[in-house]
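Please open the structure in your viewer and keep the selection tool at hand, as this tour moves from one selection to the next.

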Amino acid sequence: MKVIDDQEVYSLIGEDGFARLVGAFYRQVPADDILGPMYPKDDLEGAEHRLREFLIFRFGGPQRYIEQRGHPRLRMRHHPFAIDQAARNRWIQLMEAAVVEAKLPGEAVEVLRAFFDSVATFMINRAS
């Protein structure tokens, strides 16, 4: 398997790949006992849009996220949500299922998994 740079992921999977990935993730969220309550029911579509645009920007695609929202400031934006080890692990679990469902190329999956693992840990803001 060819090793690719973070900025090459978008050119490999495009808008459609990110739409499949994020859509698969958010289809699981409402029924999840840990993550579901963190997401406002009336803004799931907005949350999906923001994550998709963030990932597109982060992995070499158009800079729409930055143009619309500015610097990601992930910890600040997620501070209102109690993210402990259990929430982090569940997020990874749902995202892993989404990665599998989206059927992305292995090179992209390797890069995305490493990023998700690192960022999910970085987002922990409460003790378990």
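Predicted model: local features only at pLDDT ≥ 70, side-chain atom pairs only at ≥ 80, totals over all residues.

A salt bridge, as the term is used here, is a side-chain nitrogen of Lys or Arg within 4 Å of a carboxyl oxygen of Asp or Glu.

Select arginine 58 and aspartate 6 to begin with, a pair joined by a salt bridge whose closest N and O atoms are 2.9 Å apart. Arginine 58 belongs to helix H2 and aspartate 6 to the segment before H1, so this pair ties together parts that lie 52 residues apart in sequence.

Next, select glutamate 15 and arginine 64, which form a salt bridge with closest N and O atoms 2.9 Å apart. This pair links distant parts of the chain, since glutamate 15 is in helix H1 and arginine 64 is in helix H3, 49 residues away.

At the start of H5, a side-chain oxygen of aspartate 84 comes to within 3.2 Å of the backbone nitrogen of alanine 86. Colour the buried residues of H5, among them Trp91, Leu94 and Met95, and you will find that the buried residues of this helix pack against helices H1, H2 and H6.

Finally, select glutamate 96 and arginine 113, whose side chains meet in a salt bridge at 2.5 Å, N to O. Glutamate 96 lies in helix H5 and arginine 113 in helix H6, so the pair ties together parts 17 residues apart in sequence.

Definitions and conventions
Residues numbered from 1 in each chain as written. Heavy atoms only, no water. Buried < 20%, exposed > 50% of the residue type's maximum accessible area, 1.4 Å probe, protein only. Helix = DSSP H or I, 4+ residues; strand = E, 2+ residues; numbered from the N terminus. Contact = heavy atoms within 4.5 Å. Polar contact = N/O pair within 3.5 Å; in protein donor to acceptor, adjacent residues only side chain to side chain.
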